[in-house]
Amino acid sequence: MFDYIIIGGGSAGCVLAARLSEDPDVTVALLEAGPADRSVLIHCPAALPLLARKKETSWGFETTPQPGLNGRRGYQPRGKVLGGSSSVNAMIYTRGHRADYDGWAADGNPGWSYDDLLPYFKRAENNERGANAWHGVGGPLNVKDLSSPNRYDRAFIEAGKQAGLRENEDFNGADQEGVGMYQVTHRNGERWSAAKGYLTPNLSRPNLQVFTGAHTTRILLEKKRAVGVEFLHEGAVKQLRAGREVLLSAGALMSPQILMLSGIGPHRQLVENGIATLHDLPGVGENLHDHPDVVLVANAPRLTDLVGISPTGAAHVIKGIFEWQRHRTGLLTTNFGEAGGFIKSAPEEPIPDLQLHFVIAKLIDHGRKTVFGHGYSVHVCLLRPKSRGTLRLDSKDPLAAPLIDPNFLADRDDMDRMIRAVRITRSIMEQPALSGLGARESARSAAARTDMALEHFIRDHADTIYHPVGSCRMGRGSLDVVDAQLRVHGLQGLRVVDASIMPSVVGGNTNAPTIMIAEKAADMIKAAAKAMPEAASVRLADPANAPSDTMLPA
């Protein structure tokens, strides 16, 4: 028996585990389906492409065939390890635009405006640039400038300026628009995940137990209250009981699946999969959406200090390995997407609706495809797609992957914006600062010049940039799943705390916002506990007698 059981040891789950266990009179269990975050591939930033091929730390899901992508299946790699996707992502620290959060609040979610949330972003952050009106120091999540940026980042920024964009030194400051360098979640040349920032420093707390290799099969309900969790661990089915709350933080793809496996969701779908309906909640799995992204690649055989597969590239990597091992500097500290920008697809847009990631390598197919030679890539991402999809069950087997349908590019407006986005990005690549380097756009996109040809190129090559959200939407409507306190509508003792609650995706990378959501949730959970002092805490009789199947990471 624990006071709180957290399902999912990803970005949100690590925050909740750390913040709730700050109270020594509260007991917390954290369940993570994947392993501990011990692999050097996690901690070395440049190992990012290898993580895309490592099934042990990623779910490696695929979407259903996407009509908007000419019937292709998209790739959906989500972290399956302590730290979740913060242990396998590109480590870019962006928050989105002020208008994103003000929109959440205006849609009936009090307490979720930008001004309400900025203190939580700042509390989470230890920005090595120092504190100011938009940034904090002293928080668990270390944020810094890249220690060894590639020299061609500057060429991209200058090309953006030549194309009429302004340079922006802080995408999370007063204004988001412009081109510049990204800050990253690094510390001392290593990835700084939510696990390293929040969880690892607190593993010695006697009131916190972490179970790795623990695959949740269902949430236990008694009448309309969540009272525990059933999970698979070391070949056995086990249960834990929750004295106060169950906190579901399995992400936008797994949280709705776990709810439905527990009998919480759309009645018709549950019946079709042979699951008894314990709580009919039609919105579970609805509103799934994601940032669609397409990549323009430039071949640059002479630019061998860009990351690439060649004899010279191999020599750079070998040198980089020794430098990283000794000093935690050099090539292996790259996150690949070092520079980028937030831009408008048309001058009349009120805020940036596109994001660019300038990648110092020919990174194709999520790093799963081996590409020889040197060059760079520019990812073109649509920030506020109108297309909406679903998350459905494929079966009642808890080990089966869900049916993931982001419905990419179904709305015509999304495609129109993407066509404009490719044209703008190409114009940046054609500016002297980049074109003068001798790099040339690869044939797969260079031949697409008309709108029709560009549309064919986009539908043939677009995919996710890893930001699925919305499948357990926060709000007051008939298809909303949680309220503004993140409590599941119609149930007691159950909250969803992760990116699935976002009513609409933010205009930027989603990891920092997910950590913010959990920081805010921890405060709301603590406040609810204070309001109900009669709910006595569950104390472990003796920490030395913890279950033998508890696995704590190093």
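Trainee: Which residues is threonine 57 in contact with, leaving aside neighbours within four places in sequence?
Mentor: Threonine 57 is in contact with Pro35, Ile42, Leu51, Arg78, Gly79, Lys80, Val81 and Val88. Contact means heavy atoms within 4.5 Å. Before we go on, this is a predicted model, where local features need pLDDT of at least 70, side-chain atom pairs count only at pLDDT 80 or more, and totals for chains, interfaces and linings use all residues. Residues are numbered from 1 along each chain as its sequence is written, and side-chain values use heavy atoms, with hydrogens and water left out.

Trainee: OK. Where does threonine 57 lie?
Mentor: Its place is the loop between helix 3 (48-51) and strand 3 (61-62). Helices (H or I, at least four residues) and strands (E, at least two) are DSSP runs, numbered from the N terminus.

Trainee: And why does threonine 57 count as buried?
Mentor: Because its relative accessibility is 3%. Buried means under 20% relative accessible area, exposed over 50%, and partly exposed in between, with a 1.4 Å probe and protein chains only.

Trainee: What about leucine 278, where is its place?
Mentor: Also a loop, this one between helix 9 (267-272) and strand 15 (279-280). Leucine 278 has a relative accessible area of 42%, so it is partly exposed. Not counting residues up to four places away in sequence, it touches Leu221, Lys224, Ser262 and Gly263.

Trainee: How many Å separate the C-alpha atoms of leucine 278 and asparagine 150?
Mentor: 55 Å, with the two residues 128 apart along the chain.

Trainee: One more loop. Where does serine 471 lie, and is it buried or exposed?
Mentor: Serine 471 is in the loop between strand 23 (463-464) and strand 24 (494-496). Its relative accessibility is 0%, so it counts as buried. Beyond its neighbours within four places in sequence, its contacts include Ala252, Pro256, Glu286 and Ser500.

Trainee: Change of topic. Which residues touch the most other members in the largest nonpolar core?
Mentor: Leu16, Trp112, Leu199, Ile219, Leu259, Leu486 and Leu494, out of 93 residues in that core. Helix 15 (residues 511-531) supplies the largest share of this core, 10 residues. There is also a second, separate core of 51 residues, which includes Ile157, Val294, Leu363 and Leu382. A nonpolar core is a set of buried Ala, Val, Leu, Ile, Met, Phe, Trp, Tyr and Cys residues joined through side-chain atoms within 4.5 Å.

Trainee: What does leucine 16 touch, not counting residues up to four places away in sequence?
Mentor: Among its contacts are Ile6, Leu247, Val497, Ala518, Ala522 and Ile525.

Trainee: How do the axes of helix 1 and helix 15 cross?
Mentor: The axes of helix 1 (residues 11-20) and helix 15 come within 8 Å and cross at roughly 35°. From helix 1, the contact is made by Ser11, Ala12, Val15, Leu16, Arg19 and Leu20. The helix 15 side includes Ala518, Ala521, Ala522 and Ile525. Axes are lines fitted to C-alpha atoms, for helices over the stretch in contact, and angles run from 0 to 180 degrees between N-to-C directions.

Trainee: Strands next. How many residues of strand 17 are buried?
Mentor: 7 of its 7, so to speak for residues 337-343. Strand 17 pairs with strand 18 (residues 354-359) in the antiparallel sense over 6 bridges, and glycine 340 stands opposite histidine 357 there. Strand 7 (residues 178-181) is joined to strand 17 by 4 bridges, also antiparallel, with valine 179 partnered by glycine 341. Two strands pair if DSSP finds at least two bridges between them.

Trainee: What do the buried residues of helix 6 pack against?
Mentor: Strand 7, strand 17, strand 18, helix 11 (412-429) and helix 12 (432-435). Those buried residues of helix 6 (residues 152-162) include Tyr152, Phe156 and Ile157. Just after helix 6, glycine 164 takes a positive phi of about 100°.

Trainee: Last one. Why is strand 11 largely enclosed by the rest of the structure?
Mentor: Because 7 of the 9 residues of strand 11 (residues 214-222) are buried. Strand 11 pairs with strand 12 (residues 225-233) in the antiparallel sense over 8 bridges. Their hairpin has 2 residues between the strands, and lysine 223 takes a positive phi near 60° in it.
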